[in-house]
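This report goes through a few local features of the structure shown below, beginning with a helix packing and ending with the backbone.

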Amino acid sequence: MSAPPSAPREAKTRTTAVVLAGGTGQRVGLAIPKQLLKIAGKAVIEHTLTIFERADCVDDVIVLMAPGFVADVEKIVAKAGLTKVTQVIEGGATRNETTERAIRALGEGLADGEDLNVLFHDAVRPLLSQRVIEDCVAALDRYQAVDVAIPSADTIIVTRTHGEDGEFITDVPDRSRLRRGQTPQAFKLSTIRRAYEIAAGDPHFQATDDCSVVLRYLPDVPIHVVPGDEYNMKVTQPVDVFIADKLFQLASTAAPAQADEDAYRELLSGRTLVVFGGSYGIGADIAGLAERYGARVYALGRSTTGTHVENPQHVEDALATAYGETGRVDYVINTAGVLRIGKLAETDSATIQEALNVNYLAPVQIARASYKYLVETKGQLLLYTSSSYTRGRAEYSLYSSTKAAMVNLTQALADEWAADGIRVNCVNPERTATPMRTRAFGQEPAGSLLSSEAVARTSLDVLLSELTGHVVDVRQQDPTRAAGEASGFEQALAAVLDRQEDV
C-alpha cells in the first residue's frame, strides 16, 4: 500500500527590514542627519544596516532617508557591500508619512493575497542584537503585530503644570507594569497597511510609533511584546553619541569561526603572514596554525630571528623579505610586547622608554611600513590589547596606557584605511598563559589562565573575517560565543568589571 502524499510545505514568508532614517540631527547639534554621524569608525546607519545584512532571518532591507541625503546612504551601501539593501527612498516630513511611504513601496510587486513580515527599525539604534531580530520574526508566526520593550528601571511620574509655579506630581504608576519601547516593531504588512488606511480617515491622526497606530485603529489585534535589550539604545541626545561610542568600544565582538579545517586551508593556502613577536606564546601559535593550513609564515622575534620591533629598519626589512620571496603580504600580526610592573615614580627612564618603544611606537611603525603591502592584497593588520585597557591601575600605568592606545590606533586606522580595503582589528585576550606573563607573575594556578592556542585560533578567525575596527574579546567562557553575539548592556558592564581584575 503506497503512503499518502505529503502535504505541500508552506512557503516561508519573506521578511523585510525597513530602516527609518528620517531624523535631522538637530537635537545632537549637527548640520547633517545624526544617522550619518560616525561612531566607532562608521556612520551610525552603516552599523545598523550591517546588523540586518548579517541577520539570516531578514531577506532584504529598504531605507527611508531624510530628504536630500539619499545619495549619501547609497554611497555607504555601495562602499560597504550591503547586498540586502534594495531601495533607498526619501522619507516624509513626519514619522507617520515616512512609514506610509515604506508601506507603499513594500506593496509594489506583491501578488494578490501575498503578505510580508515587516520590521520597522530606527536607524539611530545601531546596537540592535540578532537575538531581538530573531525573536521578532519568530513572533510573527503567531501574531500580526509585535513590539520590543524593556522594563523601566526608573520610577515614572505623571505631572501637571500649574502656571508659573511649575510641575506637580499627579500620579505615580505601578512600575512593574511599565515598559520602555524600542524598535524594531514588527508586523504583517497587511496589518500595518490596514491600520494606516483607517488612520487616514482621522483628521486628528498623529502617532510617534507604529504599534500605537495598530493599538488605536485595530484594537482587536493583539500586540505581542518581545523582551528588548538595554544595549539597544537610541542616539538622540548629545550624550548618546558619547555613550554609543563607548559601548562599541566595550562590547564584545565575536569573530565568526570557520566551518571546518578545510575552510581554514582554503582561505589560508597561498597567503603570506608576517608575525612580529612570533618567537613564542600567542605569536608562535598563530604561526604554527597558519603554516599547518598552508600559509607562508614569517615568524619574527628577538630571540629567534634577531628582529627588534622597536627598530623601524628591522620591521621594514622583514616585510620586504616576505614580499620579495612570496610576492605578497596578506596579514601582518603584532603580538610583541613588554610588561614591566612598578610604580611610575620609581621607574627609571630606560624602562619607560622601552615600554613606549615596544608597546606603542613599534605597532605604529609596523602599521606605517605595512600599508603599501596590505593595500595591494586588501589585507589586514592585527594588533593586540590587554584587558587592562579599559581602566588604568596602580603599577600598570605604562602597560595599560599603551594597550589602551592600541584600541584607539585600531579604530583610527580602520577608518583611515577603509577606502583602501585594508582591515584593522585588535584582539583583547583575558589573562593568558604566556612566557611574558610567567616572567611577571610566576606560576599561577592551573586552569586560571586562557591558553595561547585559544587566542591564536580566534586570531585566525579575525584575520579571515570581514571585521574591521573591532576589539575582539577572547575569554575562557566567552559569553559572545555562547549567545552568538554581545547580548546586552549588562554583559558589557560585567565585562568591564571582569577586566578590572585582569592584566
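## Packing of helix 10 against helix 11

In this predicted model, helix 10, which covers residues 312-326, and helix 11, which covers residues 349-377, have axes that come within 9 Å and cross at roughly 20°. Angles under 35 degrees count as roughly parallel, so helix 10 is described as roughly parallel to helix 11. The crossing of helix 10 past helix 11 is right-handed.

On the side of helix 10, the contact is made by Pro312, Val315, Glu316, Leu319, Ala320 and Tyr323, and on the side of helix 11 by Gln365, Ile366, Ala369, Ser370, Tyr373 and Glu376. Sorted by class, the residues of this contact between helix 10 and helix 11 comprise eight nonpolar, two polar and two charged ones.

## Aromatic pairs

The structure holds six aromatic pairs. In one of them, the ring centres of Phe205 and Tyr217 are 5.8 Å apart and the ring planes stand at 75°, which is over the 60 degrees needed, so the pair counts as edge-to-face. Tyr217 is buried, with a relative accessible area of 12%. Ring pairs also bring Tyr196 together with Phe205 and Tyr217 in a cluster.

A stacked pair is formed by Tyr264 and Tyr293, with 5.1 Å from centre to centre and 15° between the planes. Tyr264 lies in helix 8 (residues 261-268), whereas Tyr293 lies in the loop between helix 9 (281-292) and strand 13 (296-300), so this pair ties together parts that are 29 residues apart in sequence. Both partners are buried: the relative accessibility of Tyr264 is 5%, and that of Tyr293 is 1%.

## Surroundings of Val275

Val275 has its place in strand 12, residues 272-276, and with a relative accessibility of 0% it counts as buried, because buried means under 20%. Although Val275 and Leu300 are 25 residues apart in sequence, their C-alpha atoms are 5.9 Å apart in space.

When neighbours within four places in sequence are left aside, Val275 is in contact with Gly283, Ile286, Val297, Tyr298, Ala299, Leu300 and Ile333.

## Backbone features

Most residues other than glycine have a negative phi, and most peptide bonds are trans. Against this background, the bond that joins Thr183 and Pro184 is a cis peptide bond, with omega at about 15°. Pro184 is part of strand 10, which covers residues 179-188.

Lys378 lies in the loop between helix 11 and strand 15 (380-384), and at 44% relative accessibility Lys378 counts as partly exposed. Glu395 is placed in the loop between strand 15 and helix 12 (397-416), and Glu395 is likewise partly exposed, with a relative accessible area of 35%.

Key: Residues numbered from 1 in each chain as written. Predicted model: local features only at pLDDT ≥ 70, side-chain atom pairs only at ≥ 80, totals over all residues. Heavy atoms only, no water. Axes fitted to C-alpha atoms, helices over the stretch in contact; angles between N-to-C directions. Helix = DSSP H or I, 4+ residues; strand = E, 2+ residues; numbered from the N terminus. Parallel < 35°, antiparallel > 145°, perpendicular 65-115°, else oblique. Left-handed = near helix turned anticlockwise from the far one by under 90°. Contact = heavy atoms within 4.5 Å. Nonpolar A, V, L, I, M, F, W, Y, C, P; charged D, E, K, R; others polar. Phe/Tyr/Trp six-rings, centres within 6.5 Å; stacked < 30°, edge-to-face > 60°. Buried < 20%, exposed > 50% of the residue type's maximum accessible area, 1.4 Å probe, protein only.
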